[in-house]
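Hi everyone, thanks for making time this morning. Please bring the model up on your screens, and I'll walk you through its pockets, its sheet and a pair of helices.

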Amino acid sequence: MSRDRQYLDMMNQWLILKQEGKSIAEYLTAKGYRAVAVYGMALYGRHVIRELEGTNISIICGIDRREIKPYKGIKVIQPLAGLPDADVIINTA
């Protein structure tokens, strides 16, 4: 399966869950996660951040191998800079 097809399938599943009234924030809260880092600050990472805005989930930082300016006030670090003190890292890469 091509990478493009994998991304399309993932976005389709995400949209289905949204239409069913489910959210990433609800899932994370149910698992006891309150502080998250987002790995991969391109398209999908930014979608995750936008979805978590205004929820009880705190985004500690973004992580990306490229040097990227802060996104929506969220600091972006490189992986070798050390992992943040987060409950979980969401991998969007």
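Let me start with what I mean by a pocket: on a 1 Å grid over the protein atoms alone, it is an open set of points with protein on both sides within 12 Å along at least five of seven lines, and lining residues have an atom within 4 Å of a point. This is a predicted model, where local features need pLDDT of at least 70, side-chain atom pairs count only at pLDDT 80 or more, and totals for chains, interfaces and linings use all residues. Residues are numbered from 1 along each chain as its sequence is written, and side-chain values use heavy atoms, with hydrogens and water left out.

So, which residues lie nearest the centre of the second largest pocket? They are Gly 40, Met 41, Ala 42, Asp 64 and Ala 93, out of 14 lining residues. The elements giving two or more residues to that lining are α1 and α3, with helices (H or I, at least four residues) and strands (E, at least two) taken as DSSP runs numbered from the N terminus. The largest share, three residues, comes from α3. The space in this pocket is about 230 Å³, the volume being what is filled by probe spheres set on the points, which are joined across faces, edges and corners.

Now the largest pocket, with about 360 Å³ of space. Its lining has 18 residues, and Trp 14, Leu 17, Ser 23, Ile 24 and Tyr 27 lie nearest the centre. Here α1 gives the most, five residues, while α1 (3-19), α2 (24-30), α3 and β4 each supply at least two.

Next, the sheet. It is open, with four strands in the order β3-β2-β1-β4 and parallel pairing; two strands pair if DSSP finds at least two bridges between them. β3 (76-77) and β4 (88-91) each have a single partner strand, so one side of each is left without a neighbour in the sheet. Further in, β1 (residues 35-39) and β2 (residues 58-63) pair over five bridges, and Ala 35 stands opposite Ser 58 in β2. Helix α3 (residues 43-52) packs on the sheet and touches β1, β2 and β4, where contact means heavy atoms within 4.5 Å.

Finally, how do α1 and α3 sit relative to each other? Their axes, lines fitted to C-alpha atoms over the stretch in contact, with angles from 0 to 180 degrees between N-to-C directions, come within 13 Å and cross at roughly 10 degrees. The two helices are therefore roughly parallel to each other, a label for angles under 35 degrees. Tyr 7, Met 10, Met 11, Trp 14 and Lys 18 of α1 make the contact with Tyr 44, His 47, Val 48 and Glu 51 of α3.

How values were computed: On a 1 Å grid over the protein atoms alone, a cavity is a set of points where a 1.4 Å probe fits but cannot get out, and a pocket is an open set with protein on both sides within 12 Å along at least five of seven lines; lining residues have an atom within 4 Å of a point. Angles under 35 degrees count as roughly parallel, over 145 as roughly antiparallel, 65 to 115 as roughly perpendicular and the rest as oblique.
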